[in-house]
Amino acid sequence: MPRTTLALTSFVSGELGAKLDGRTDFTKYGTGCKELKNFLVHPQGAATRRVGTQFIAEVKSSAAKTRLIPFEFSTTQTYILEFGNTYIRFFKDKGQILDSGSAYEISSPYLTAELFDIKFSQSADVMYIVHPNHETMKLSRTGHTNWSLTEVDFTDGPYLEPNDTTTTLTPASASTGTGVNITASAVTGINSGSGFLATDVGRIISFNSGLAKITARTSTTVVVCTITKAFANTDAKTDWKLGAFSDTTGHPSSVSFFEQRLVFAGTTAEPQTLYFSKSGDYENMTAGTDADDAMIYTIASNQVNAIRYLKATRTLIVGTTGGEFTVSADGTDAAVTPTNVTIKKQSSYGSANVDAQPAGNAILFLQKAKRKIRELTYNFDVDGYVAADLTILNDIVTKTGINEMAYQQEPDSILWCVREDGILSGLTYQRSENVTAWHRHIFGGSFGSGDAVCESVASISGTLTEDELWVIIKRTVNGATKRYVECFSEFDFDETTATDFRFVDSHLIYDGSATTTLTGLSHLEGQTVSILADGATHADKVVSSGSISLDRSTSKAVVGLSYDSVLQTMRIEGGAAEGTSQGKTKRISKVTLRLFETVGAKVGPSLTNLETVPFRTSSDPMDTPVSTLIAGDKEIEFRDDYNTDGFIFIKQDQPLPLSVLAIYPTVVTSDG
C-alpha cells in the first residue's frame with residue numbers, strides 16, 4: 001500500500017458541479033471543491049470564510065418584496081436605495097437616512113410586481129429610471145434628505161413612423177396654450193385603427209411645425225392638448241406623428257449612456273428599437289441627419305427580439321431575447337452619428353430580463369433561461385465578440401434561476417447572483433488569471449421550515465480597498481415574516497484584532513462600559529443568537545424583550561445569527577502505485593492545514609465525523625480571545641476508515657475567522 005502526501009494548494013476553480021465528479025484528468029479538478037458554502041475564493045487561491053452581515057433596518061413593509069438599487073455620485077458619495085411598493089427609502093454609510101427621526105422617503109409609481117424589471121443609468125446626481133409600464137423617470141439628489149423623482153419631459157420626440165394614411169389632424173387653435181382640442185378626420189392610422197385611447201394621455205403629437213401633448217381624451221377622434229410649440233396655422237394636415245413613448249405603446253424598458261447620448265430601447269410596441277438622444281442633450285430626441293442629432297434604429301432580424309439590456313463598452317452592447325448585438329460607427333472608433341451607425345449581431349444566446357453587469361472589459365449577462373451566465377468579450381482572433389459560459393464548471397449553482405445580479409469589484413472581483421430559492425451565489429471572476437470560482441452563501445436564521453431567503457443584492461463603492469455589498473434577507477422572526485436591509489461587514493483578510501471579528505449575520509455591535517445585559521435586539525426577538533464577547537466565543541442565548549443576559553461581563557460584543565462555513569474537497573486523486581487512485585480503497589491518516597489568521601476549525605471525512613482543531617492551550621482562559629491567530633500549519637489526526645472516496649471536510653461554526661491556504665493529506669492507497 002503506497003503512502004504519500006498530496007498537495008491541494010489552491011481553490012481557484014471553486015465549487016464544481018456533479019458532472020465533473022469523474023474528470024480527474026481536467027486541470028481544474030485539483031483546484032475545485034465538491035462543496036463551498038459560506039466561503040469566498042480569492043483570486044490568489046485561498047478559501048476564506050465570508051464575513052457576516054450587519055443589520056441596518058427593516059424594510060417599510062415586511063409583507064412585500066423590495067429591491068435595492070445603487071446610487072453613486074462619486075466614490076465618496078454613494079447611496080443604497082430601497083425601492084418598495086410606491087416608495088423609495090435611502091441608506092448611506094451603513095445607516096438609514098432619517099428626517100426628523102423617521103426614515104426619509106419619497107413616493108414612486110412602481111408597484112411591488114414591477115420592481116425587478118426596473119432598469120437605470122446614472123450621470124452624476126441624476127439617475128434615469130425606465131420601466132415599460134411607466135413614463136421615464138428622473139431621480140435627482142441635491143442633499144441627503146433632498147431627493148426628487150419626476151417624469152422626464154422630452155424636448156421633442158421620439159416618434160413612431162409618420163402617418164401614411166389620408167387621416168388629417170386639425171387643431172382648434174394654433175397658439176401655445178392649454179385645453180386645445182385636436183380633431184382627427186378618422187381613426188385610420190391612429191393606434192392601428194382604434195383611434196385615440198385613454199392611454200394616449202401624456203403622448204406627444206407633432207405636425208404643421210408644432211408640438212402638442214395630450215392631456216385628456218374626449219373620443220376616438222378628439223383629444224384635449226397643451227400646445228407647447230405653436231402650429232403654423234389651424235389647417236388640417238396628414239403629415240403628423242405620434243410619440244413613440246406612451247401608455248398605449250409602452251415606455252422604454254432599457255437605458256444607458258453612450259458617447260454623450262442617452263439611449264433608450266425596447267418599448268412594448270417597438271421591442272427591438274433603439275432611441276438615441278441628441279449628443280450632449282439627453283432629453284432632446286429631435287431626429288435628423290446632422291452629426292449631433294437624435295437617432296432611431298430598429299434591429300433587423302428574422303424574429304422579434306425584445307431588447308433586455310444596454311451596456312456601454314468600446315461599443316454599445318445590446319442584449320435581446322434572441323441574441324447579442326453591438327452598435328458602433330461603421331465598425332470604427334469614431335463616434336456614432338445618424339449617417340454611420342452599424343448594428344451587428346455577435347452571438348445568438350439570448351438574454352433574460354435581468355440587467356447585465358460590466359466587469360472589466362467584459363459584460364456578464366444572464367442567458368434567457370436564467371440558468372447560464374455568459375461572459376461577452378471582444379476576441380481579436382475572430383474580430384468580434386464571443387460569449388463563454390461561466391457556469392459550465394457548475395451547472396447547478398444557478399439551478400433555480402437567477403433573479404438579480406450585482407458586481408463587487410473590490411477586493412476580490414465577485415459577481416453576486418440572487419437565486420429564485422433565496423441562495424446567494426457568488427462567482428469570483430478574474431479572467432486575466434483564469435479564475436472563475438463559484439461559491440454559495442446561505443444566511444443565518446430561517447424562513448418557515450427552510451433557510452433564510454436572500455431577495456435582493458446591490459454593491460456600491462465603499463473604502464478604497466473594498467466595495468460595500470448590501471442585501472435584503474427574508475426570515476421568520478418570532479413567528480412573523482421580516483425583511484431586513486443588511487450590509488456585509490468589511491472583510492479584512494489579515495485579521496488582527498479579535499474584538500473586530502464579524503462572523504454572524506444580521507448582527508449588531510455593542511461597544512461601551514462593561515455589562516452583562518445587551519439590549520436593542522428587538523429585530524431578533526425569540527431567536528437563538530451567537531455571541532462574540534470581548535473577542536471570545538460565548539454560549540448562545542435567546543433574545544427576549546429585545547435583550548439577552550450574558551454569563552460574564554463584557555465591554556465589546558457582536559450579537560447575531562450563526563451560520564456554518566463548509567469546504568468539501570473533490571475525491572482525492574493521487575498516491576496510487578498503478579494508475580489512478582479513483583475507485584481504489586484508501587485511507588487518509590492525517591491532514592495538515594496551512595491556515596492564515598485563523599481561530600477555530602473542524603476537520604474530518606464527513607460532516608458527522610469531525611475533529612475540532614485545537615487553537616488554545618490548557619492554560620488559556622476560555623473567556624478571553626486566543627492570544628495568537630494561526631498563520632501557519634496545523635496537523636490533524638484524521639480518524640477515517642478505509643473507503644474509495646477520500647473526501648476532506650473543513651467546517652467553521654463559531655463566530656471566528658478561517659482562511660485555508662492549502663491542504664496536505666497523507667494517503668495510503670491499496671492497488672490490489
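## H538, a buried histidine

A residue counts as buried when its relative accessible area is under 20%. In this predicted model, H538 comes in at 7%, so it is buried. H538 belongs to strand 47, which covers residues 536–542. Setting aside neighbours within four places in sequence, H538 touches I531, A533, L550, D551 and R552.

What is the relative accessibility of S545, and is it buried or exposed? The value is 69%, so S545 counts as exposed, the cut-off for that class being over 50%. S545 also has a positive phi, near 55°, despite being a residue other than glycine.

Strand 30 and strand 31 run antiparallel and are joined by 6 bridges. As an example, S328 has T342 in strand 31 as its bridge partner.

The other sheet runs 32-33-34-35, again open, with 4 strands and antiparallel pairing. Here the edges are strand 32 (357–359) and strand 35 (384–389), and each of them pairs on one side only. The twist averages 30° from one strand to the next. Between strand 33 (residues 362–366) and strand 34 (residues 373–379), which are antiparallel, there are 4 bridges. Look for L364 and you'll find its bridge partner, E375, in strand 34.

## P338, tucked into a loop

The loop between strand 30 (324–329) and strand 31 (341–347) holds P338. With a relative accessibility of 13%, P338 falls in the buried class, since the limit is under 20%. Which residues does P338 contact once neighbours within four places in sequence are left aside? They are R261, G288, T289, D290, A291, D293, A294, M295 and Y297.

## The largest pocket

The largest pocket takes in about 970 Å³ of space. Its lining is made up of 42 residues, and P70, E72, Q357, P358 and S459 are the ones nearest the centre. By class, the lining splits into 21 nonpolar, 13 polar and 8 charged residues.

At least two lining residues each come from strand 7 (67–72), strand 14 (119–123), strand 24 (254–258), strand 28 (307–312), strand 32, strand 36 (402–408) and strand 42 (453–460).

One joins G157 and P158, with omega at about -5°; P158 is in the loop between strand 17 (146–151) and strand 18 (169–171). Another links E410 and P411, with omega about 5°. P411 lies in the loop that separates strand 36 from strand 37 (414–419).

N478 is no glycine, yet its phi is positive, at about 55°. Where is N478 found? The answer is the loop between strand 43 (468–477) and strand 44 (480–488). N478 has a relative accessible area of 55%, so it is exposed.

Note on methods:
Residues are numbered from 1 along each chain as its sequence is written. This is a predicted model: local features need pLDDT of at least 70, side-chain atom pairs count only at pLDDT 80 or more; totals for chains, interfaces and linings use all residues. Side-chain values use heavy atoms; hydrogens and water are left out. Buried means under 20% relative accessible area, exposed over 50%, partly exposed in between (1.4 Å probe, protein chains only). Contact means heavy atoms within 4.5 Å. Two strands pair if DSSP finds at least two bridges between them. Axes are lines fitted to C-alpha atoms, for helices over the stretch in contact, and angles run from 0 to 180 degrees between N-to-C directions. On a 1 Å grid over the protein atoms alone, a cavity is a set of points where a 1.4 Å probe fits but cannot get out, and a pocket is an open set with protein on both sides within 12 Å along at least five of seven lines; lining residues have an atom within 4 Å of a point. Grid points are joined across faces, edges and corners, and a volume is the space filled by probe spheres set on the points. Ala, Val, Leu, Ile, Met, Phe, Trp, Tyr, Cys and Pro count as nonpolar, Asp, Glu, Lys and Arg as charged, and the others, Gly among them, as polar.
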